[in-house]
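Have the viewer open and follow along.

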Amino acid sequence: MSSYGPEQRTLLESQAAPLYEAAVTEGGLRVDDPRVADGAETRPAFDLLLELGLLHLDPEGASYLPEDPASVQSRVVSPLSQDGSRLLEESSQWARAFGGLAQTWRRAPQSERGGPFTYLRDHAISTYLEGLVAEVEEEMLTAQPQAGRDAATLEAAARRDIAALDRGVRIRTLYQHSARRSTVTHRYVASVTERGAEVRTLDEFFNRMIVVDRRVAVIPGGDDLRVAIAVREPSVVAYLVDVFERAWERGRAFTNKESSLLKDIAVEQRQMTIRMLIEGHADPVSAKRLGVSPRTYAGYVADLKDEYEAETRFQLGYTMGRLGLSGTDADAESAQGDDAADRER
């Protein structure tokens, strides 16, 4: 049987289906019915029904009788499914073939003629990343600020990263602590960690970065994320890897949900908020550093006002300065010591 495409399906849905319904309702279509006559507007639809086997001529040759669609469907759909599987496999083979060529090109001296930095804009960024991740052989390091990672983006990232993990690639990802409150991020982390990926979070803001095989790094080229820079200069890539490793050592495992760890994370976010206030950063800047919305950051500040019984930010800053607070680990240790002393009293 021939393979059918969108044109035949459209004809079936728009004209052939009503004609078939008429045949069912009327007990068939007579051979002299004007709807099946040569030149009739519905003749192409009638011919399609005959070709599909949804109508057949009765033994006496007086009318066309309808056939059960269930008996016809498999004859039409199964070949399409087989064609689809074949095309998917063929496209995968072509992708692998081009992937090998791309690796050869990237490692050849002439691939550096454009210089060690390539500027990517808008949709070219995602296209470049897809190709780059498809080529990863050993390791991928990613730093992903929480802002801007919606459900669709994370679903696409999960499919891409799982494919790499299944090839034996090691993946380590850094988020900010605020990512722990995102349901879609939790789904992404669950899907990749069960296949061996490692995910950690930390308090300080870091910029978006992807490093593949310690050979190519992709970093933002502007605050609006519409420009990215692909870096192939070995010394710069090594520097970015070192920055990542230092941040990784400070990170906390995303999958660790122990109450003591969650308490430590809350303390770290509190210290960060204090540092932002002392340094005089605007709320949008501070919120970005913490990876939260300005509204959430304002809530952090309000909590500090309540804690130190301050009505204004000026009073809050004065009180924290008088107490010698600086948003450091020493402050946290002092506060824990005060809590212990209070409990003893």
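## The chain at a glance

The protein chain exposes about 20000 Å², and carbon and sulfur atoms supply 54% of that area (Shrake-Rupley method, 1.4 Å probe). Keep in mind that this is a predicted model, where local features need pLDDT of at least 70, side-chain atom pairs count only at pLDDT 80 or more, and totals for chains, interfaces and linings use all residues. Numbering starts from 1 along each chain as its sequence is written, and side-chain values use heavy atoms, with hydrogens and water left out.

Of the 345 residues in the protein chain, 37% are buried, meaning under 20% relative accessible area with a 1.4 Å probe, protein chains only. The secondary structure comes to 12 helices and 11 strands, taken as DSSP runs (helices H or I, at least four residues; strands E, at least two) numbered from the N terminus. Among contacts (heavy atoms within 4.5 Å) in the protein chain with a separation of 6 or more, 70% join residues 24 or more positions apart.

| Helix pair | Axis distance | Angle |
|---|---|---|
| H1 (residues 6–26) and H2 (residues 43–52) | within 9 Å | roughly 95° |
| H9 (residues 283–290) and H10 (residues 294–307) | 9 Å | about 95° |

H1 and H2 are therefore roughly perpendicular to each other (the label covers 65 to 115 degrees). On the H1 side, residues including Leu 11, Leu 12 and Leu 19 take part, meeting H2 residues that include Phe 46, Leu 48 and Leu 49. By class, that contact has 11 nonpolar, 2 polar and no charged residues (Ala, Val, Leu, Ile, Met, Phe, Trp, Tyr, Cys and Pro count as nonpolar, Asp, Glu, Lys and Arg as charged, the others, Gly among them, as polar).

H9 and H10 are roughly perpendicular too. Here Asp 283, Ser 286, Ala 287 and Leu 290 in H9 meet Pro 294, Tyr 297 and Tyr 300 in H10. This contact has 5 nonpolar, 1 polar and 1 charged residues.

## An aromatic pair

A search of the whole structure turns up 3 aromatic pairs (ring centres within 6.5 Å, using the six-membered ring for Trp). In one of them, Phe 244 and Trp 248 have ring centres 5.9 Å apart and planes at 15°, so the pair is stacked, a label for planes under 30 degrees apart. Both residues sit in helix H7 (residues 234–250), and being 4 residues apart they are separated by about one helical turn. Phe 244 is buried, and Trp 248 is too.

Note on methods
Buried < 20%, exposed > 50% of the residue type's maximum accessible area, 1.4 Å probe, protein only. Axes fitted to C-alpha atoms, helices over the stretch in contact; angles between N-to-C directions. Parallel < 35°, antiparallel > 145°, perpendicular 65-115°, else oblique. Phe/Tyr/Trp six-rings, centres within 6.5 Å; stacked < 30°, edge-to-face > 60°.
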